[in-house]
Amino acid sequence: MIRSRLPAMDALIPLRLAKFVGVALLTTGIVGSILVGDQRTRRRAAQWLATAGLIVVWLAGYALLKRSGLTLREPWVSWSLLSGLVAMVGATAAARTAVVPPLAGALGLGGLAAAFGLMSARSGSVAYGLVVPGIVAAITTVALQRARIEGTPDPDTEDATFRWFAWLARAEGVSLLALFGVYMPVKYIAGVQLDGGQGWFGWAHGIMQLLYIVALITVARASGWSLLRQAVGFVASLVPFGTFVFESRVRPRPATASAPPA
């Protein structure tokens with residue numbers, strides 16, 4: 001019995017290691033986006049470290065769920081996913097300005113604490129009823145106090161934020177094309193499920209679409225986009241090639257030098 005279970009345990013080690021790395025990146029990104037004084041460093045932490053961490057955590061976590069026979073319908077799973085997304089929204093909002101907004105700091109650190117509490121307790125009712133509120137209250141208090149400290153402004157915020165958004169728009173577009181252009185035709189025409197029926201294509205696309213929406217809201221606030229443009233950006237994520245076209249249309253154009261007077 002012991003020997004028969006060793007291969008299964010060994011197979012979980014790389015996944016747990018990957019999730020640990022993802023958690024480290026996500027934590028560094030969220031905390032750095034709020035508590036570091038320099039805005040440029042906070043922006044990079046939120047947009048690149050936290051994004052990479054969230055992708056790795058959600059991919060590794062999904063694989064561990066499948067190995068354990070669990071589903072996304074588990075309360076602690078769905079709530080921890082939502083908490084991680086809230087933390088990401090708070091981090092990107094915190095990094096958008098030289099002074100961290102108190103609400104953004106509370107969302108970033110509170111969401112991170114909630115996600116950790118849920119993953120540890122593995123029960124939405126227990127975690128939210130006992131563990132998480134105390135952790136969130138303590139960390140939020142620190143965040144609100146720290147948020148009033150002014151840091152060094154980042155003059156490159158708008159351009160750098162759009163570059164981050166552009167990469168996520170392209171990644172989301174590729175994931176949608178892989179889902180509708182490869183996975184679904186092969187599944188329904190040839191009767192072959194490329195991911196063995198595990199839902200990996202849909203899950204990967206879901207991750208990229210959620211991060212794309214976070215980036216869309218962030219760049220819209222940084223660039224002053226209208227609600228109509230934001231709505232068009234969201235609809236673009238539902239249409240093959242949509243995000244490629246949208247990103248190309250809204251990309252800032254270099255200012256052309258005016259001709260010298262005759």
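Angles under 35 degrees count as roughly parallel, over 145 as roughly antiparallel, 65 to 115 as roughly perpendicular, and the rest as oblique. This is a predicted model, in which local features need pLDDT of at least 70 and side-chain atom pairs count only at pLDDT 80 or more, while totals for chains, interfaces and linings use all residues. Residues are numbered from 1 along each chain as its sequence is written, and side-chain values use heavy atoms, with hydrogens and water left out.

Start with a helix pair. Helices here are DSSP runs (H or I, at least four residues), numbered from the N terminus; strands are E runs of at least two. Helix α6 covers residues 157-190 and helix α7 covers residues 200-223. They pack at an angle of about 155 degrees, with their axes 8 Å apart. Each axis is a line fitted to C-alpha atoms, for helices over the stretch in contact, and angles run from 0 to 180 degrees between N-to-C directions. α6 and α7 are therefore roughly antiparallel to each other. Their crossing is left-handed: the near helix is turned anticlockwise from the far one by less than a right angle, whereas clockwise would be right-handed. By class, this contact of α6 with α7 has 18 nonpolar, 7 polar and 2 charged residues. Nonpolar covers Ala, Val, Leu, Ile, Met, Phe, Trp, Tyr, Cys and Pro; charged covers Asp, Glu, Lys and Arg; the others, Gly among them, are polar.

Is threonine 218 buried or exposed? Its relative accessibility is 8%, so threonine 218 counts as buried. The cut-offs are under 20% relative accessible area for buried and over 50% for exposed, with partly exposed in between (1.4 Å probe, protein chains only). Threonine 218 touches Thr92, Arg96, Thr161 and Trp164, not counting residues up to four places away in sequence. Contact means heavy atoms within 4.5 Å.

Next come the charges. Side chains of opposite charge can pair when their charged atoms come close. A search of the whole structure finds 3 salt bridges. Each needs a side-chain nitrogen of Lys or Arg within 4 Å of a carboxyl oxygen of Asp or Glu. Aspartate 156 and arginine 163 form one of them, at 3.0 Å, N to O. Aspartate 156 is partly exposed at 24%. Arginine 163 is partly exposed at 44%.

Arginine 170 pairs with glutamate 247, with the closest N and O atoms 3.5 Å apart. Arginine 170 lies in α6 and glutamate 247 in helix α9 (residues 242-250), so this pair ties together parts that are 77 residues apart in sequence. Arginine 170 is partly exposed, at 29%. Glutamate 247 is buried, at 3%. Glutamate 247 also meets arginine 251 in a salt bridge (3.0 Å, N to O). Arginine 251 is partly exposed, at 31%. Shared partners join Arg170, Glu247 and Arg251 into one network.

Finish in the loop between α5 and α6. Proline 153 sits there. Proline 153 is exposed, with a relative accessible area of 53%. Proline 153 and glutamine 39 are 114 residues apart in sequence, yet 5.4 Å apart in space, C-alpha to C-alpha. Leaving out residues up to four places away in sequence, proline 153 touches Gln39 and Ala98. Proline 155 is found in the loop between α5 (124-146) and α6. Proline 155 counts as exposed at 75% relative accessibility. The C-alpha atoms of proline 155 and alanine 98 are separated by 9.8 Å, and the two residues are 57 apart along the chain.
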